[in-house]
Amino acid sequence: MLRAALREVSTALKEGQVSPTELCQRCLSLIKATKCLNAYITVTEDTALRQAEESEKRYRRGQSLGDLDGIPVAVKDNFSTTGIETTCASNMLKGYIPPYNATVVQKLLDQGAVLIGKTNLDEFAMGSGSTDGIFGPVRNPWSYSKQYREKCGQNSHLENEDSSWLITGGSSGGSAAAVSSFTCFAALGSDTGGSTRNPAAHCGVVGLKPTYGLVSRHGLIPLVNSMDVPGILTRCVDDAATVLGVLAGHDPKDSTTVQDPFNPFKLPSVIDVGKLCIGIPKEYHIPGLSSETLKVWSKAADLFENAGARVIEVSLPHTCYSIVCYHVLCAAEVASNMARFDGLEYGHRSNMDKSTESMYAATRREGFNDVVRGRILSGNYFLLKQNYEKYFIKAQKVRRLIANDFVNVFSSGVDVLLTPTTLRDAVPYVEFIKEDNRTRSAQDDIFTQAANMSGLPAASIPTALSEKGLPIGLQFVGRAFQELQLLTVAKWFEKQAKFPILQLQEMLDHADALSHQKISLSS
Amino acid sequence: MWALRGGRCLRAAWSWGGSRLARGATGGRQIDQNPEWQLEEQKPLPQKKVTMELLDHLERLALVDFRNWEGVERLEKAIQFADQLHEVNTEGIEPMDSVLENRCLYLRGDNITEGNCTKELLQNASQTAEEYFEAPPGNIPLPKLEERESFLQDSN
């Protein structure tokens with residue numbers, strides 16, 4: 001049941017095969033059993049059970065609110081949730097309890113979803129590994145999978161693997177790990193440079209970044225206002241479409257959401273890609289791309305062509321500058337957005353009280369980690385009067401060039417672009433931390449952040465396992481506000497790819513032995 | 001990998017290999033097996049020296065500290081990385097603020113729809129007095145570098 005798709009569970013709930021409280025309990029037990037993954041910062045056990053009970057009452061009365069009623073979902077810890085601590089994995093907001101729900105969270109709750117917990121992330125969503133938060137790094141559930149361990153010849157003692165576990169990717173690593181390890185059916189992430197798609201690819205789940213302006217950012221603690229989008233992580237494309245249907249649409253509280261009416265859609269079950277034109281951007285084949293990912297990407301292109309689609313090579317000439325442009329714009333907007341953390345109205349406050357300036361400085365010194373402080377300082381550098389034209393305005397001009405690249409490609413008849421999501425499969429944590437956060441982000445965001453720069457929708461679909469038995473994902477980039485087309489193509493591809501289910505039973509058996517509680521994924 | 005290594009900045013120059021689309025065994029179109037970009041390592045750029053004055057200025061503006069030499073190096077690397085932007089020809093290009101620039105921002109009517117939440121808002125502040133957020137005395141500038149505790153001072 002825990003492995004089922006949203007629609008199946010919803011049907012099961014309606015038919016009484018399982019009750020919302022049972023489902024909730026199972027997810028909560030599984031969270032306890034998979035605690036070592038460190039995917040959750042806060043597990044809202046009491047609230048979740050209460051919500052599940054209310055959902056149960058609704059089902060008994062035959063008045064379920066929809067497909068999400070009674071479904072356990074997780075939310076990344078940079079979305080505000082009433083009465084539930086929202087930390088952004090930072091000392092600055094430790095203990096901060098928002099007095100309101102983010103619009104997307106409210107929409108989920110209005111549909112009866114059961115909020116099971118807040119997930120771990122990189123501090124303030126800055127990073128590509130989910131390793132730099134104050135609550136520690138998130139472990140990729142695939143580190144403990146049968147598939148990985150068989151390929152790597154590991155024996156079954158979890159303790160031996162303590163040094164070789166893999167990162168989830170980031171910054172929505174907690175959400176990706178939560179969905180991947182079956183502890184919830186859907187999770188919210190945020191996507192500024194690839195923060196939803198990157199961990200989705202590493203954890204073998206579907207990661208959708210909607211078009212900028214489609215989903216409300218109200219309540220999402222902002223990183224880069226012109227690029228942030230709430231992201232959706234699910235185990236299959238249909239589920240992503242279901243969740244998008246609930247979340248998308250104009251929000252009067254977020255003036256950057258478009259006012260066009262949004263109609264939730266159901267993806268067709270029979271899909272013909274014969275009339276499609278798939279673009280393969282040649283600049284995305286960079287020297288650092290692993291040969292396995294390249295192979296998977298080529299095979300996917302062949303798949304589309306054999307099905308009758310027109311697969312052509314296209315050019316996005318400014319691709320090589322997009323990561324630099326992103327780096328400058330991101331730092332500049334971060335420097336501006338982080339200015340609100342001064343300790344006065346919320347969050348951490350230093351004991352320094354000689355003056356407001358020194359209190360602010362001390363608070364921010366104590367509250368932010370190296371990564372955040374580094375970006376704030378770089379951002380301030382780029383925004384200095386003498387640098388403003390040279391860096392910030394220049395980057396904005398380059399951004400237009402990048403966005404125009406996409407416009408040109410899509411207006412030449414291409415429907416969807418097909419690219420890798422990451423350079424390679426997930427690396428072990430000990431290897432990942434050898435390079436600093438900024439270098440890693442520059443490497444890992446390379447395929448994903450152009451979609452944020454241009455505001456286009458993009459989805460990472462788990463495609464195949466690498467030689468090590470780890471997930472490799474491919475990314476589809478669509479036209480603005482054409483999520484229906486994007487997800488239809490993605491669904492077709494998902495069906496063809498037949499990505500294997502994560503086999504975690506061994507890990508759970510080990511956890512059983514520790515907790516004397518039988519947890520099975522097959523019931 | 002064409003990211004920064006060690007303390008040096010590798011300026012990556014990309015030369016286009018020309019479009020080659022190899023046909024695979026099945027006759028299907030394959031992604032070219034050779035990367036489009038050739039990495040050409042050039043001599044490392046002269047490291048831009050950031051002056052102590054600039055670092056102090058940034059610490060004051062940002063109200064965060066560098067903490068140690070690693071922090072300063074991080075900034076230097078960030079600047080070198082960003083310098084690659086200057087290779088792009090942006091003559092006649094307008095800066096782009098938002099991808100939704102061709103649409104009008106939503107403006108709602110000037111009606112009061114919510115408020116009266118003083119208690120909730122004050123709850124999150126650590127120091128309040130009646131209905132005020134309490135702050136230490138203002139209008140006192142941050143102490144000069146010589147007088148404040150900063151790693152920059154020690155390295156002067």
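Guide: Let us begin with a term: a contact means heavy atoms within 4.5 Å. In chain B, residues 24 or more positions apart account for 56% of the contacts with a separation of 6 or more. In chain A, residues 24 or more positions apart account for 78% of the contacts with a separation of 6 or more. This is a predicted model, in which local features need pLDDT of at least 70 and side-chain atom pairs count only at pLDDT 80 or more, while totals for chains, interfaces and linings use all residues. Residues are numbered from 1 along each chain as its sequence is written, chains are lettered from A and ligands numbered from 1 in the order in which they are written, and side-chain values use heavy atoms, with hydrogens and water left out.

Visitor: How many helices and strands does chain A have?

Guide: Helices (H or I, at least four residues) and strands (E, at least two) are DSSP runs, numbered from the N terminus. On that basis chain A has 18 helices and 11 strands. Its radius of gyration is 22 Å, close to the 24 Å that the globule rule gives for 523 residues, so chain A is as compact as a globular protein of that length. That radius is taken over C-alpha atoms, and the rule is 2.2 Å times the number of residues to the power 0.38. Along its principal axes, the C-alpha trace of chain A spans about 65 × 65 × 50 Å.

Visitor: And which pattern does chain B follow along the sequence?

Guide: Chain B has four helices and four strands, and their order along the sequence is β-β-α-α-α-β-β-α.

Visitor: What percentage of the residues in chain A is buried?

Guide: Buried means under 20% relative accessible area, exposed over 50%, and partly exposed in between (1.4 Å probe, protein chains only). Buried residues make up 69% of the 523 residues in chain A; of the 156 residues of chain B, 37% count as buried. Accessible areas come from the Shrake-Rupley method with a 1.4 Å probe, and for residues only the protein chains shown count as cover. The accessible surface is about 16700 Å² for chain A, with 49% belonging to carbon and sulfur atoms, and about 10300 Å² for chain B, with 48% belonging to carbon and sulfur atoms.

Visitor: How many residues of helix α8 of chain A are buried?

Guide: In helix α8 (residues 237-247) of chain A, 10 of the 11 residues are buried, so the helix is largely enclosed by the rest of the structure. Among them are Val237(A), Asp239(A), Thr242(A) and Leu247(A). Gly249(A), which follows α8(A), has a positive phi, near 125°.

Visitor: How many aromatic pairs are found over all chains?

Guide: Rings of Phe, Tyr and Trp (its six-membered ring) pair if their centres lie within 6.5 Å; planes under 30 degrees apart count as stacked, over 60 as edge-to-face and the rest as tilted. The search of the whole structure finds 17 such pairs over all chains. One of them is edge-to-face: Phe304(A) and Phe476(A), 5.9 Å centre to centre with 70° between the planes. Phe304(A) lies in helix α9 (residues 291-306) and Phe476(A) in strand β11 (residues 471-477) of chain A, so the pair ties together parts that are 172 residues apart in sequence. Both Phe304(A) and Phe476(A) are buried. Elsewhere, Tyr96(A), Phe124(A), Phe341(A), Tyr346(A) and Phe368(A) form one aromatic cluster.

Visitor: Which backbone features deserve attention?

Guide: Most residues other than glycine have a negative phi, and most peptide bonds are trans. A cis peptide bond joins Gly170(A) and Ser171(A), with omega about 10°; Ser171(A) is in the loop between α5 (146-151) and α6 (173-180) of chain A. Phe182(A) has a positive phi, near 70°, and is found in the loop between α6 and β4 (186-191) of chain A. Phe481(A) also has a positive phi, near 65°, and lies in the loop between β11 and α17 (483-497) of chain A.

Visitor: Are these two phenylalanines, Phe182(A) and Phe481(A), buried or partly exposed?

Guide: Phe182(A) is buried, with a relative accessible area of 3%, whereas Phe481(A) counts as partly exposed at 25% relative accessibility.
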